Each structure stands twice: as C-alpha cells, then as structure tokens.
Amino acid sequence: MRRIRSKRVALMAGALAAAAIVAGCGGGDDDTGDAAASGGACDGQVESGTNITVQWHQGAEAEVKAVEKMVADFNASQSDVKAELKLVPEADYATSLAGQADSDSVPDVVDTDASKAFRYAWSEDLQPITNCIPEAVKSDLLPSIVRQGTYAGQIWAVGMFDSGLGMYTTKSALKKAGLTAPTLDDPWTAAEFTDALKKFKAAGFSKPLDLKKNYGQGEWYAYGFAPIVWSSGGNLLSEDNSTAEGQLNAPSVVQGLTTFQSWFKDGLVGDNADDTDFVSGKAAVSWVGHWMYNPYKEKFGNDLVVVPLPDFGSGVKTGQGSWQWGVGAGTADPDAAWRFIEFTLQPEQQKAIAAASGGIPARTSVADADPKFAEGGDLRLFVDQHASGVSVPRPTTPAYDTVSNAFNQAIQDIIDGADVKGSLDKAVETIDQDIEDNGGYPDPGT
Amino acid sequence: MTTRALGVRSRLRGGRLGNELWGILYTLPGLILLGIFLIAPFVLAIYLSFTNQRLASPLPVEWVGFDNYSRILGDSDFWNAFKNNMIFAAVVVPVQTALALWMATLVNQKLRGVKAYRAIYFLPVVTVLTVTAVVWFLLFSPDSGLVNGFLDLVTFGTVQPGWLDSTSTALLAIIIMSVWQGAGFQMIILLAGLQDIPQELYEAASIDGATKRQQFLYVTLPQLRNTLIFVITVTLILAFRLFDQVWATTRGGPLGATDTMMVQLVNTGYERKLIAQASAIAVVFFVVVLTLTLIQRVLLKENRD
C-alpha cells in the first residue's frame, strides 16, 4: 500500500512539474506562471468525456434531493463531464472516508464536514484547489468560507453554504415566561440564560431546552458546544495548533461547561429522542444550527425568533463552516472536478441548496439577495455573526479529527454527569498524545 | 520397468495419490477463500500490531515493538470494556440458553399452529440487528418510551429507570435487547436437537414412572448435551463480539457503561485512525476468546460415541 501511495505521489509531482513547465512556456495567456506548481493541478482545460464521481453525505433529505437535482442539472448543462452521485450515510461518514483514504479511493469530488478535510489534505488524499478558483468567484465567496477551507497556505475545500448556529424560540414562549428576546448587542449571560430556562420551566415547558441530544456523539457536539469553550475564554487548541493543554482544560472552560452540565442535572434538557421536543412544546428553546430553520418556520411561522447563544464571559461565540467540497488526490482531471464544484456555486444552484438546507449561500451576492438573510430577515443573525467576528472556525489542522473526537467524548461524559475537569483533562491527554504520535502534523511538502 | 510404470499410472488414476490430489483440488477453493479472508487478515493484524500504522497518514510506518500492547493494557478504558464484555457474557450465556431451551420445548409440542409460533419466536433473528436496536432505543426512551410508560402504569410511577441513559441500567438494557434478539437462533438449534431424541426413551421413562420433570432432567438434558455445548460455545463467542446494538444506541456510553472490546477496536481503528493499536486489540480479543473457549471445552466434554 505504501509503495502504491508513494508511486502515485511521484506521478502527481511529475504531473505538477509538467503543468508548471507548460504554464511557464505558455506565457502570454497566464501571467501567474508558477500558480500550477504552488496552488494545485488545475490547468483550466477540461478534457472532454471525463467521468467524475461526486460523493455527498446522506443526511437531511431535502439537501440530498437538492444535490441529486444539482448533479442531474450539471449533466444536462454540458457534455464534457459526466458526474455520478454517490451517497454515503452520514452516521458513519467519517469511518467510510477513512477507509477510502486508506485504499486510495477517495472520489473525485468529495464532501467533508468543515475542518475534517485537512486530515485528508495532510495525508495527500485530497489535492489543493487554490488555482482552480477564478478570482471573480473567490472574491464573491464569504470570507468565512475561504477561511474554513484554507490550510498550510492552500485552499483545499469550498462549501456551497456556510452554517449558522443560534437558539430558536418563539415570541409567545418568551411572553409566557415574561422574558424579552436577547440580541447580539445585548445577549443573555450564562447565568441569565440558566435563569430564563427555569422561568420557561415554571411557565409550563417541562424540558425547556432542546440541545439535539438525539444527534448523539458526533460532529454536532463539537460544532454546537465548542462555542461554549470559546465564549468561556478558552480554545480547542493553542494558536499554533500544537497542544490542547491549558486551552481546553482552562479553569474558565471548566466553569463554562459546569454551567452546561447543570442544565442537565437540573432537568432542564430533554432527551429529544424523536426530535420533536421543540415543535411539540415540551421545549421553549432549541439550540441548533441553520438546518432546522425550515421545519421550525413551517411549524411556528412568524412566531419563530432566532437569538444568539448565551455569553459565558468572553463574548458571544458561535460556530461556522459546514460541509464542503474537496477534490480527491487521485482525480485525473481536477479541472473537471472543479467544473462541477463551480456549477454548484452558480446563483441558481446556490439558491436551491440554500433553500433546502437553510444555510447561508457561500456567495455574498446570493446571500444578500435572499430576504431571509437581509436586514430584518429571520436569519440575519447568522450573517451578522460571521461579519462581526462572533463566529470561530474549528481549528484548521489535520489534528482536528482527533480534537473533535476527544472533545465529543468529553461533552458526552459531561452530559452523562462525569467530573468536568477530569473529562477535559482526558480529552487534552488524548489530543496531545495524537499530535505527538503524528510528529506534530508537519505541513504537507515539508 | 513396465510393471513399475503401470503401478505409478494406476496410483495416479485411482490409487491413494490420486485420491489425495483430488482431495486437495476439491478443498482448494475453500482454502483459498479462508486464506484470503480469514488467515491473511489475521496474520496481518498480528504484524500490524507491532507497528504504528495509521489510517490516512503520510508519515512512514515504524516498528514499535510492544508499545501498542502496553498502551492497551495500561488503559483503564480497555479494562472497563473487558469487564463489560465479561458481565455481558456471564449474564447472556446462561439466560439466553435457558430461555432458548424453554422456547424450544414449548414449540416442540404437537399443537395446532405450532409452526406459526416457531416463526414468531424466530422473527427477531431475521430482523437486522441495527433495526432491532433502534426500535428498542425508542422503547427504552426514559421520557417517552413504551417500557417506562408500561412501568409507570403498573408501578404508579415509582419505577422509572433511565435505561440507556443511565450508567446503572444501560448494560442491562443492552442485555435485554440482545437476549430478545438472539434467543430464537439457539431455539432453532435446540429444537433440532430435541427432535433427534428417540421417542422410545420418553416412553420407557414414563413406564418407569418418571415425572415430566424427571424426564426433562434425565432424558432430555443428557440427550441434548452435545447440542447444548455447541449452543453455549457459539453464544459465548457471539457475546464477546457484542457491537451492533451498542454502536446503534449508546456507542459505549454513558460513561463507558456499555463499552465493549469491539467498540474500542472500531473507535481506535477508525475514529482515532490508529489501525495498529486496533490490531493489537483484535489480537488480545482473539486470545481472550480462545482461552475462554478452551476452558469451556475442558470443563464440558462432548460425548462422541
């Protein structure tokens, strides 16, 4: 296996060198002569008759339908590239992808959840696409999309939409409990929020907080609850991504997550087993991402409000980044793969996927034109959070995969009533051991 | 010269050598498949367990000796998983075997529609384990599940366990769903064993004045000895392989209450991408199951006459 890999790497290096020479000799039409060598293998030429496989995680049904239509539209729109869609169940997506990477069979176009792409960038199972992206497209992308896709000086992944995380509640529930909706300028503190939950409970909501416990241990925990770490003044990893010690287990984080644990201990969080706590009126607040906007809006209409997460002491923080496209390292013609990705970034497709997912379209021009995200729109909060530095990217490092697993385990243990400091110390130990085992994750090509 | 040549030819055609050759040829497809899918991966696992092979890593693979083993054996999580496996097996093997035997004797009677009962008892076995687990997961839901709803009704709300959410009851919940799912399989094997027992033995016993209970103890059980040993061995091995139910419901939680060696293996190999360390778990797992099976074979000798 190793032999095959190194052979393939050698081939790729050869192809890169050849591309660089061609680009250099071509001169005139391309003034960034060394772009091919530094930014990926795109040469702007799509070979006719190329077949590509597009892999998408089988999660929310509306999204799957939208992607299916996208692939069909793509095939109908041109005849050079034929895309075939492959769906992999979301629950075991990470495991499937790890297996594909190990057998060097990562599809041509593959989606990964936010920072999870970089493990595969590092292991040379993805290829950089920096020079595939035309400047006009790049400058129109949300800054958060570019930031979430960049690692080791290259862009490896591009999302069709960015995520938004907040709390959904209703005007009538707030009124019933005698509360006013918090805003980004005047958010609830953690103590105020705990107090609000108790008021909701007193007002008849038996399990006032829905934390989507039914999603179970997985990326949701990292995405949904890492903001508590950031808002408490801690971090998942140090700035240089070398250690979690003193960051994830900082005293302020222990304090923040102890408050989080108290919501469970005080019976304020429902188990949401059938995912209906909020719509059935058992819960007054649902702490979840953009993807629940459509079903909630359908149920509550204009009664629905989206409010920011509570402030644990260092300002409101929220997550960013969502599923994003990458290009497999074994892809013979990355231009063909990029042609598909670019198709998904076209305004028509952007509108379709944004409508299906509730996510923020990756292109500023499309997002601005959507009344949901415009000033005064229901989801304006999500746009504001990205614009004002409230949203924090998950660490863009190959170590993130381990960070996420260890943090998810710690959150699960904390939910189950374990000692908060002990759980975080254990996560730190796992993360630091992994970083050490992998030689500090040296940047690719060093 | 001629006779010797003839001798060789006849041996090749139908003699001993010919038979051996054909024998080897006939077993070859099976041996090749076993070799590729059983023996090779196993040998590879032993080899990998002494390296630091990782999934999705560009770093060179190095020989690390017994590092993986010392990491596993020094890991309290692994011992916790091992303990859970032992408890699970210690409960499931006797309970499931007894239940299966009871069900088998029930459906071994000459009753109208007995085949329908057999089919009903066997139904959980043909259901996909993951589906069973998800259904039980909903049944066990502390807030809205049917199990607690029923308990609420008969105990007036005094008994409301947290089932899969609680460290004290999660393993029990897994045991209940596993026994419910697995007993039908043992029932069918035991049923076949029961039907092999000659009817005359029961007739002779009843002429001697043996009660139903005595007939069961002194005719049925001794006659079922080999079948029971087979069933117990298979149940033990399956019990150690406990994975699907846990993965589909608790993933080892809460706080490791339902963690098993298989869950540890998958977590280590795929989630943490430490394939070498996972291989070491596989080797330890194999040694544990082999030891227990050998002990069992010494204690329960089959009757081969």
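**Briefing: a predicted two-chain model**

A:N272 sits in the loop of chain A between α11 (251-265) and β11 (285-289), helices (H or I, at least four residues) and strands (E, at least two) being DSSP runs numbered from the N terminus. This is a predicted model, in which local features need pLDDT of at least 70 and side-chain atom pairs count only at pLDDT 80 or more, while totals for chains, interfaces and linings use all residues. Residues are numbered from 1 along each chain as its sequence is written, and chains are lettered from A and ligands numbered from 1 in the order in which they are written.

**Positive phi**
- A:N272, not a glycine, has a positive phi near 50°.
- A:N272 counts as buried because it has 25 C-beta neighbours inside 10 Å (buried: 20 or more other C-beta atoms within 10 Å of its own; exposed: 12 or fewer; partly exposed: in between; C-beta atoms placed from the backbone).
- A:A152, also not a glycine, has a positive phi of about 50° and lies in the loop between β5 (150-151) and β6 (154-155) of chain A.
- A:A152 has 18 C-beta neighbours inside 10 Å, so A:A152 counts as partly exposed.

**Sheet in chain A**
- An open sheet of four strands runs β10-β11-β9-β12 with mixed pairing (strands pair if DSSP finds at least two bridges between them).
- Its edge strands are β10 (209-210) and β12 (304-307), each pairing on one side only.
- β9 (residues 165-170) and β12 of chain A pair antiparallel over four bridges, and A:Y168 has A:V306 as its bridge partner.

**Chain contact**
- The contact takes 26 residues from chain A and 21 from chain B (contact: C-beta atoms, placed from the backbone, within 7 Å).

Conventions: Contact = placed C-beta atoms within 7 Å.
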